[in-house]
Amino acid sequence: MMRASSSVKATGNPLSFSSVLLLGINGIIGSGIFLLPGSLFQQAGAMSLAAVALAGLATTLIALNYAVMASKIDEDGGAWIYANRAFGSLVGFQIGWFSWFLGVITISAEIAAFMTTLTGLVPALDRHSIYIGIAVSLLAVLAVINLFGPSTMKVIDNFSSTLKVLLLLVFVLGGAIALGLHTTAVQTIPKLQTSPHLIGAFTTAFYMFTGFSFLPTAAKEMTNAEKNLPRALVLVMLMVTGLYLLAQLMTMLLLGSHLIGNQLPVAAAFEQVVGAIGRPVILAGMLVSILGVAVAVSFDTPVDLASMASEKKLLPAVFGRQNRFQAPVVAILCTTGLAMLLVVSGSYLFLVKLIVFSAFIQYLATILATLKLRHAHGLPRGMKLPGGLLIPIVSLIVVAYLLTTFSLTTYVIGGTFALIGGLIYWLDRRSKR
């Protein structure tokens, strides 16, 4: 999963249909598919394939709500802009606040993914003190890079985006060829010792799709967007879901019982395909790709926070303060500090759950905004969904239900963060009276 970086946001130039497809695939595929197949299989066994497929379907329905709102409201910002228009500044602020939180958690999760992958190459780094020291140091380095401005971000992001897609394609194609040539390489898929936890796997699988939310905003710049955007969204989601299903199936067939709980399943499975050299090669590629995503998100997230202060006036002006390199210094320091706290206190899988929870808050706001603003005066008619209200209502039921499935710890963290944001909002409004 990754958020949209500055290099993939809408530029104002018409995008071709093929460009939107590549944009979507690059934007959605992240570290999850390289690290989560073992966890998915441990939760649901062979039903993990169903969990991935259902997550892809549900995400497609949610994405269509985003597409409707993007066609009606021509502003960057996504969910919090839609919530602000539909429900007022307080709700808009809270959704924007959670959008920033989502970015911070994503940075932490990508650093945790990087450290998990690095430990696969250098097992000695598995010691907790060393793990935390390197993770915090990486976050500090990212902060320093951002304080000197965005000049290198686009190159890094483009390279890492291309690399991660190539790695996944090489793994799927290489695995298919190996299985076709050597049927003895096929492992027996073990049965779970407990009942499959499909809902848990379904929620985890959502993490692998959460990068979709930027796509409708960018893709509305494509030629004949009202007609082509729904087709592009559906096709992107079908292609990504297909790749994920193939990768999940390939790890199951190549690793069998060794997949259960495996932290680096794709690397382990690729070793089965090409021999001992496969593991370090795929791990090295994953490291570059994951770090590139972390760099890109570490740039975008403080910019989003600063924008809420300087452009939308929803936060105290101090959050938008810039240094002489036009970098939002206060926003960068806040983002880095919270990311450090999260990476120290949470594992990769815990951060994944927290990301999905924060994403669901945004999805819920966007779906409700779609329902409220469908006939709003002063807004264009926008894209019309097939089935009328069916897609928004089904999306609403799915997201509302899944929001009830998280742990108490996740609710406490989310509630605390909302209360802190509400207090900042109230104090800022009070000071401006």
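Predicted model: local features only at pLDDT ≥ 70, side-chain atom pairs only at ≥ 80, totals over all residues.
Helices here are DSSP runs of H or I with at least four residues, numbered from the N terminus. Just after helix 5, G88 takes a positive phi of about 100 degrees.

G211 sits in the loop that joins helix 9 (198-206) to helix 10 (215-219). With a relative accessible area of 1%, G211 counts as buried, because that value is under 20%. Although G211 and I29 are separated by 182 residues in sequence, their C-alpha atoms lie 7.4 Å apart in space.

The packing of helices comes next. Two packed helices are described by the angle between their axes and the distance between the axes. For helix 4 (residues 48-72) and helix 16 (residues 390-402), the angle is about 125 degrees and the axes are 9 Å apart. The two helices, helix 4 and helix 16, are therefore oblique to each other. The crossing that helix 4 and helix 16 make is left-handed.

V234, L235, L238 and M239 make a nonpolar surface patch of about 320 Å². One of these residues, L238, is placed in helix 11, which spans residues 225-255. L238 has a relative accessible area of 57% and is therefore exposed, the cut-off being over 50%. An α-helix has 3.6 residues a turn, so residues three or four places apart point the same way.

Terms used. Residues numbered from 1 in each chain as written. Heavy atoms only, no water. Patch = residues over 30% accessible without salt bridge, like charges linked within 9 Å, V, L, I, M, F, W, Y side chains within 5 Å. Areas by Shrake-Rupley, 256 points an atom, 1.4 Å probe, with all protein chains shown as cover. Salt bridge = Lys/Arg side-chain N within 4 Å of Asp/Glu carboxyl O. Buried < 20%, exposed > 50% of the residue type's maximum accessible area, 1.4 Å probe, protein only. Axes fitted to C-alpha atoms, helices over the stretch in contact; angles between N-to-C directions. Parallel < 35°, antiparallel > 145°, perpendicular 65-115°, else oblique. Left-handed = near helix turned anticlockwise from the far one by under 90°.
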